[in-house]
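Morning, everyone. I have one structure to show today, and I will go through it in a few parts. Please have a look at it first.

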Amino acid sequence: MAKNKNLIYTAISLVVFIVLAFLYSTPVFTGKQLFQHDIVQYRGGAKELLDYRANTGSETYWSDSMFGGMPTYQMGSQFKGDIIKKIDSNLNFLPRPVNYLFLLFAGFFLLGMVVVRNWKYALLGATFFGLSTYFYIIIAAGHNGKVNTIEYFAPLLAGILLVYIRKSYIWGFIVTTLFMGLQIAANHPQMTYYLFIALGFLFLSELIRAIQKKTPMKHFLISSGIIAAACIIGVGMNSQRIMANAEYVKETVRGKQILDNDTHTSGKSGMDKESMLMWSYGRLETLNLFIPRLMGGGSQEPEAKDIMNKAQGLVEANVHSQAEYDRISKGFGSVTYWGDQPGTSGPAYQGAIVCFLALLGFFFAWKKYRYWILGASIITILLAWGSNFMPLSDFFIDFVPMYNKFRAPSSILVIVELLFPLIAIIGLYRFFTDEKLTEEYKKKILTYVSGGTLGFLLILLLFGKSLLGFYTENEKLYLPPFLLDFLVDERFKLFRVDAIKAFIYVAIAAAVLFLTLKQKLSQNIALIIIGAVSLFDLWTVNKRYLNDDNYVDKVFAENPFQTESSDLLVEKVQANPSLGSIVSSVQVNKTLETISEKDKTHYRIFNNILGTFSETNTSYFKSSIGGYHAVKLRRYDDVINEYFQVMDSVKLPNVLNLLNAKYWVVGGPEQPQAMPNPKANGNAWFVSDLKFVNSPNQEIKSIGVIDSKKTAVIASSDKEYFNNKPVQADPTAFINLTEYQPNELEFKSESKTPQLAVFSEIYYPHGWKMFVDDKEVPYIKADYLLRAVHVPAGKHNIRMVFEPEVIETGKWISLLCFGLFIALSGFGIYWMNKNKKKELLLEQKS
């Protein structure tokens, strides 16, 4: 009977989650879709991949759409036999973002049921976790892979706790394997990596408990073995994805450095520290887990426009010289964010009540949870500080494997956003139900924690201006006193509103807990009040960052690269400022469309209007010199830093010619101009002059000054390639592209002498095969980042095909691991049922 009741309550809870998710996302009822910056960029960058899939029914793992060409592993590529990804797609069946919110709620509900085995607390914890503000900020930005990965945090932890704590080996194995597989399939390794830092504390906690004989060592060893096997199989089900990305990442900005300079050391792996730690959380800023606008919230809060208008009025009334204007402009940043990060979309707000209950939880929760959650929370907060706590950051960067592959340490706070709701509901559950906690102890802890928390808030409200400052050092240096004082006052108002709210919310929660101690309120009423207040708190804060303005008509969400300005579009933009970026780029898009329609050949466009390396409008219409992607190939990124950051009027055109930039788009957004570049090298060309250099630094420096149509820069390490392969000039020789697909190119060549063919195709040492007259031949790197092959005299057919072996190998490993998972799960369930039947027979006999 109890089991049936639990099933009924679980079903009701799931319905509640669906209702909450839809209520938060009401525009989906009218067919509107989220307009997400990163998804807009994805649609442009992945256009060639998506078109190829639609036209051929197969997959290309290389695309020329961005940065001269790169693998599509991080651009939404699909893999045959990828069963675990299909399961992920089926779980995300609801419209976006309803799917994300539902799975965030439901996943934590499973964790709550494992930990406290009470649906009420599981339901409450699910709202604590599922309404964490950071999730809504990243959904609004379009970080879908990140939130998709976070969806599976809680259920993966639930599976591990089923094994370690509940000693449910079979179900624990099944849940852990499944959600480990789904976690990896969501394809955000950084989030998974951070989760496993926290799980390391759980492992240490269980090891210490076994050593202290609080749990049998045999159980610890069996459990650890089961969890290890589950994780290995879960990872194995994603072998294609992992093997392809592991191969790819070595050649990207996350892999080894190639150049030696002030910021790079050749051979050193990972990103440079400055790039890694740019988005580091301020030490004091961490308190915005508790007060959302402690540092103003986000760089663009709803009140920013009004504050900026008032500030401009003050400047116009008080500033009378250009020198003063220039000085003020140096000090002005965001009026609604004054934290340590370069900028932010919003705070990692966890909820005043959740943080308060988490503090109580560290006193009330079972010790088997308390210490590892505390340790994991502390280490992740310290790591989130990044450059503001260099001793720890340096240690992790230098000694902890893989840590230096990831940027933006502030995002590690997702672990706190998982663990605070967990410790909160454990503490709350024990507070209400565990008779081992005396009333005296509960009253004492509640008094100290609530008194300390409320006292802390009062101090901030009374003395916040002097304690928090409400200005940056840059503002203090450049802004005149009248303007700085105005900003401080306006910012303090923003802070004060949220601090007062936090005070009220904590006071309500504390009062409810005191009243239950005095038996003035029942447990159920107390949970309802706490849940309702917390829901209201998080819901209203989240609506600042993900609200109806983030939704647009389906036509604009699915085709954000409009080429015609219409009255309807202007009307829609007036109603929704989110569409402003669509209107502002209409003329540029039209220019790009015109170029691609008039010239159907294969080439690249250099767009110098929209921000070459922060847009994919160009990629939507044609192959681009630029693009938008966090994991660029290292060699291409080196060329960007060497030539495009400086914009040398002689060297840059030489590099653009090398990259076959046949058209340049220049001017402004309103009147863009398409400039043909007749000096572009074309898709391929013959050279007979070879310049051998001894270092990558010499290679990259040379390509800006040589005549690349006649000379190729070759690394001295490739000298042996030319043994018995002479090259000789022939002014009548030619080589032309005859067939183009992103993963297969075909050329026809004719020459009276042997030549070196250089292709305006990015060098990537894995997967590309070169054929001359259907015979596979070796090829080399030329001009730092291009492919080249020796071609004998005569007429030849040259073909290059991208066929990465890791895809096929990974497919069979993936299928094998999924089959193993099904077989072991089936056997485990059979064994479990068999034992249950034996137990029933023994009970009947007795």
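I start with the second largest pocket, which holds about 1100 Å³ of space. Keep in mind that this is a predicted model. Which residues are the closest to the centre of that pocket? They are T10, F109, L110, M113 and V114, out of 25 residues that line it.

Next, where the lining comes from. Four helices, α1 (2–24), α5 (98–115), α9 (153–164) and α10 (169–185), each supply at least two residues of it. The largest share belongs to α5, with eight residues. By type, the lining of this pocket has 16 nonpolar residues, four polar ones and five charged ones.

Now the nonpolar cores. In soluble globular proteins, nonpolar side chains tend to be buried together. Here, the largest nonpolar core has 166 residues. Within that core, the residues with the most contacts are L111, F356, L357, L418 and L513. Which helix gives the most to this core? That is α20, residues 414–433, with 15 residues.

Take L111 as an example. Leaving out residues up to four places away in sequence, L111 touches A154, L157, A158, L161, L418 and L422. Apart from this core lies another one, of 70 residues, and Y61, W62, Y636 and F722 are among them.

Last, the salt bridges. The count comes to 25, and I will show three of these pairs.

In one, R209 and E206 meet through their side chains, at 3.0 Å from N to O. Where do these two residues sit relative to each other? They are three residues apart in helix α11 (residues 189–211), so about one helical turn separates them. R209 counts as buried, at 16% relative accessibility, and E206 is buried too, at 1%. The cut-off for buried is under 20%.

Another pair is K590 and E593, whose closest N and O atoms are 3.5 Å apart. These two are three residues apart in helix α28 (residues 586–598), so again the separation is about one helical turn. Are they buried or exposed? K590 is partly exposed, with a relative accessible area of 31%, while E593 is buried, with 18%.

The remaining pair is D637 and K632, at 3.7 Å from N to O. D637 is buried at 13% relative accessible area, and K632 is buried at 16%.

Conventions:
Residues numbered from 1 in each chain as written. Predicted model: local features only at pLDDT ≥ 70, side-chain atom pairs only at ≥ 80, totals over all residues. Heavy atoms only, no water. Core = buried A, V, L, I, M, F, W, Y, C linked by side-chain atoms within 4.5 Å. Buried < 20%, exposed > 50% of the residue type's maximum accessible area, 1.4 Å probe, protein only. Contact = heavy atoms within 4.5 Å. 1 Å grid on protein atoms, 1.4 Å probe; cavity = no way out; pocket = protein on both sides within 12 Å on 5 of 7 lines; lining within 4 Å. Points joined across faces, edges and corners; volume = space filled by probe spheres on them. Nonpolar A, V, L, I, M, F, W, Y, C, P; charged D, E, K, R; others polar. Salt bridge = Lys/Arg side-chain N within 4 Å of Asp/Glu carboxyl O.
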